[in-house]
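This briefing is intended for reading beside the sequence and the coordinates.

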Amino acid sequence: MTGKDKFIIPATRRSVLKGGAILAAGAAAGLSGFPYISRMAVRAQSAPLKFWQFYAPGGPVQSQIDWFEKAVAAWNDSHPQKVELEYVPNAEYINGPKLATAFASGEGPDIFLISPGDFLRYYNGGVLQDLTPHIDAKEDFPESVIANRMVGGKIYGIPMEVEPMAMYYSVKAFEEAKLNENDIPKTWDDLLELAKKLTTPKRFGMLFETQPGYYQNFTWYPFLWQGGGEFQGKDGKSAFDSPATVQALKFWQDAVNSGAAPRQVMGSGANDTVANLASGYCAIQNVGIWGISQLQSNAKDFKYGVFRLPTPPGGRYVTVGGGWAFVANAKSKNPDAAAQFCAWALASKEKDSVQRVADWCTKGKSDMPPRESALAAGGDAFKTGMIGKFAADVYPGARAEPRVPPEVYKIISDAIQQTQLGGADPQATATSASQQLDAFLGSYSGAPIL
């Protein structure tokens, strides 16, 4: 979701409170001496709440633009405090520092989206508003979906989706190589050999994310877990120096070194099926359930198939189930209204709220719903077609995306980059990274890492 070092901008409690401290100082000195502060406060109360996200109104998928605009319009028609969508392109939001930089300077949005992987940056920075008082459908969210958005029994983020990862493949590429569904690989070795067969001078056999960031870590975790690996043990210490870590790092390294996988991905990254798979840049792509809606919207004639992640020798099938969540800025000009909007949109018992979640996962995008009632509201959409395949074959093996502090993310990211693209020895890299993790974890004092 970012460049190699860009997410290490320290969004500390001190930095996010900087703007508030300035206003407090002015108030302490007497508002008569700071008349502009009074005027600013009045304007702030009447101004729309800014909702930063990377879908609308300028996103590439019309169904997603429509969903966000419809949701905000429904809120604005029934509430005095208005909300305004502010589109931030992926290159700046997911793959850039804009969000973290905004909070570091005290200029963060009122409402925004975050993934579990970056939850602790903002929670530990003191900028996440408690949403619990406004949620009346908590029991509708399975523990596996909501736990990594909670601290001390309170909910600080409401998931809008669950996004398991799988492997997508080009039917045309398979046919050209005289392959079919019977050749779907079950193991890592089989996948690598198949990718070599599918590699041509103009096409890579398979593709993993190569850009450093939270997204790359997210896509790599299943390969660690499949061999029984973890980055942290139950004792709170690093568990990264393990055979499972070494083999996961080596597998991604082997894919690149063999020439079957590229060192660079196209479009917005390895989350972009249109620019990579549909374009013919690769024959197999490691990507999430959202790829279905991407292809449906922007490559309707492209024929593809999906299979779940292969496993290593002696390993077990597991994938990662990520997903974005609505969160409210605790330092917003109206944090209660921002929190109320999040709960109203995604976590109310009202029929419209349930249907809104179902519509996002079946019409706006292609996802598994985070609410049990939305699964029912989606009807046959979760039983047929590609989404049905994900629901039946891929999703049952999903494990929640870990939430980690930026320092932990960076250590793991560096290990992936050093081995995948830098040629470093996987064992030596795992050992070094584990030592760095232990050094950090020994002094970490934020919310629990999950």
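How many residues of domain 1 are in contact with domain 2, and how many of domain 2 with domain 1? The contact involves 30 residues of domain 1 and 30 residues of domain 2, where contact means heavy atoms within 4.5 Å. The model is predicted: local features need pLDDT of at least 70, side-chain atom pairs count only at pLDDT 80 or more, and totals for chains, interfaces and linings use all residues. Residues are numbered from 1 along each chain as its sequence is written, and side-chain values use heavy atoms, with hydrogens and water left out.

**Domains and their interface**

- The domain assignment divides the protein into domain 1 (49–162 + 323–400) and domain 2 (163–321 + 404–442); such bounds come from an automatic or database domain assignment.
- A distance of 26 Å separates the C-alpha centres of domain 1 and domain 2.
- The size of an interface is often given as the accessible area lost when the parts come together.
- Between domain 1 and domain 2, about 2,500 Å² is buried, 58% of it on carbon and sulfur atoms; buried area is the accessible area (1.4 Å probe) that two parts lose on being put together, summed over both.
- On the side of domain 1, Met-386, Phe-390 and Arg-399 lose the most area to domain 2, together 28% of what that side buries.

**Polar and charged pairs across the interface**

- The interface of domain 1 and domain 2 holds three salt bridges, each defined as a side-chain nitrogen of Lys or Arg within 4 Å of a carboxyl oxygen of Asp or Glu.
- Asp-393 and Arg-308 form a salt bridge, with their closest N and O atoms 3.8 Å apart.
- Ten residue pairs, both residues at pLDDT 80 or more, are in polar contact between domain 1 and domain 2. A polar contact is a pair of N or O atoms within 3.5 Å; within protein, one must be able to donate a hydrogen and the other to accept it, and residues adjacent in sequence count only if both atoms are side-chain atoms.
- The elements that give two or more residues to the side of domain 1 touching domain 2 are α4 (62–78), α7 (119–124), α18 (385–394) and β13 (398–400). Helices (H or I, at least four residues) and strands (E, at least two) are DSSP runs, numbered from the N terminus.
- Helix α18 gives the largest share of that side, six residues.

**Helix α12**

- Trp-252 lies in helix α12 and counts as buried at 1% relative accessibility; buried means under 20% relative accessible area, exposed over 50%, partly exposed in between (1.4 Å probe, protein chains only).
- Trp-252 and Phe-208 are 44 residues apart along the chain, and their C-alpha atoms are separated by 7.6 Å.
- Gln-253 also belongs to helix α12 (residues 243–257) and is buried, at 8% relative accessibility.
- Beyond residues up to four places away in sequence, Gln-253 touches Thr-419, Gln-420, Gly-423, Ala-424 and Pro-426.

**Strand β7**

- Tyr-169 is part of strand β7 (residues 163–170) and is buried at 7% relative accessibility.
- Tyr-169 and Gly-305 are 136 residues apart in sequence, with a C-alpha to C-alpha distance of 5.3 Å.

**Cysteines**

- The count of disulfides is zero, a disulfide being a pair of cysteine sulfur atoms within 2.5 Å.
- The closest cysteine sulfur to that of Cys-361 is in Cys-342, 16 Å away, which is too far for a bond.
- Cys-361 is buried with a relative accessible area of 0%, and Cys-282 is buried at 1%.
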